Amino acid sequence: MRRFAGVLALALSLGGCTGFAYISKTYVSLTPQVVTIGCKDPYEVYDQRQSRSMLIVSNTLREVTGCSVGAAFAGRDPAETRVERFRLAARTYLDETVREDCKIIGERVFNDLQTEFRYSCAAPIEPRGTAVPRLPGRINPGLGPR
């Protein structure tokens with residue numbers, strides 16, 4: 001029984017490392033943008049436009065306390081609304097960056113705070129360096145110039 005528990009713990013930890021390694025490799029170099037849904041509920045978005053994928057990131061406090069994002073989410077446990085909120089954040093992000101015609105074609109949940117979405121657009125992928133619509137990023141008080 002102990003051996004099984006050790007193997008299970010190792011498998012679970014390696015699975016987490018694989019997700020972390022993938023996220024680091026794919027998204028760490030990108031500047032996050034912030035999209036808000038409902039009651040000014042912010043989600044960070046790391047958009048990998050060249051591969052048509054994006055990572056949506058929530059924060060721990062929201063995932064514990066929740067936020068009544070309109071009537072659809074009012075009075076419901078945050079865990080119960082998580083999938084809907086992340087999908088809404090991804091859709092809102094595409095709409096607000098002038099890609100209303102793009103469709104979400106897949107998603108991969110890494111953990112309660114991070115979900116990757118793949119999307120497809122009729123328009124061709126922009127060449128690197130092309131100016132594209134962007135949303136504001138997170139402002140970190142005390143970290144900028146004074």
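With 110° about the S-S bond, the link between cysteine 102 and cysteine 121 is right-handed. This is a predicted model, where local features need pLDDT of at least 70, side-chain atom pairs count only at pLDDT 80 or more, and totals for chains, interfaces and linings use all residues. Residues are numbered from 1 along each chain as its sequence is written, and side-chain values use heavy atoms, with hydrogens and water left out.

**The disulfide**

- Searching the whole structure turns up 1 disulfide (a pair of cysteine sulfur atoms within 2.5 Å).
- Its partners are cysteine 102 and cysteine 121, with sulfur atoms 1.9 Å apart.
- Cysteine 102 sits in the loop between helix 3 (78-96) and strand 4 (103-111), and cysteine 121 in the segment after strand 5 (114-120), so the pair ties together parts that are 19 residues apart in sequence.
- Cysteine 102 counts as buried at 2% relative accessibility, and cysteine 121 counts as buried at 13%.
- For these labels, buried means under 20% relative accessible area, exposed means over 50%, and partly exposed is in between (1.4 Å probe, protein chains only).

**The overall layout**

- The protein chain has 3 helices and 5 strands; these are DSSP runs numbered from the N terminus, with helices being H or I of at least four residues and strands being E of at least two.
- Starting at the N terminus, the elements go α-β-β-β-α-α-β-β.
- Out of 146 residues in the protein chain, 34% count as buried.
- Take the contacts (heavy atoms within 4.5 Å) in the protein chain with a separation of 6 or more: 54% of them are between residues 24 or more positions apart.

**The nonpolar cores**

- The largest nonpolar core has 16 residues, and Val35, Tyr43, Met54, Ile56 and Tyr93 touch the most other members.
- Strand 1 (33-37), strand 2 (41-48), strand 3 (53-57), helix 3 and strand 5 each give two or more residues to this core.
- Helix 3 gives the most, with 5 residues.
- Apart from this core lies another one, of 6 residues, including Tyr46, Leu55, Val57 and Phe110.
- A nonpolar core here is a set of buried Ala, Val, Leu, Ile, Met, Phe, Trp, Tyr and Cys residues joined through side-chain atoms within 4.5 Å.
- Leaving aside residues up to four places away in sequence, valine 35 touches Asp41, Pro42, Tyr43, Val45, Ala89, Thr92, Tyr93, Glu96 and Leu135.

**The largest pocket**

- The largest pocket has a volume of about 290 Å³.
- On a 1 Å grid over the protein atoms alone, a pocket is an open set of points where a 1.4 Å probe fits, with protein on both sides within 12 Å along at least five of seven lines.
- Its volume is the space filled by probe spheres set on the points, which are joined across faces, edges and corners.
- There are 15 residues lining the largest pocket (an atom within 4 Å of a point), and Leu30, Asp47, Arg49, Val132 and Arg134 lie nearest its centre.
- That lining splits into 4 nonpolar, 6 polar and 5 charged residues, where Ala, Val, Leu, Ile, Met, Phe, Trp, Tyr, Cys and Pro count as nonpolar, Asp, Glu, Lys and Arg as charged, and the others, Gly among them, as polar.

**Two residues with positive phi**

- Arginine 52 is not a glycine, yet has a positive phi of about 55°.
- Arginine 52 is in the loop between strand 2 and strand 3, and counts as buried at 13% relative accessibility.
- Valine 98, also a residue other than glycine, has a positive phi near 60°.
- Valine 98 lies in the loop between helix 3 and strand 4, and is exposed, with a relative accessible area of 56%.
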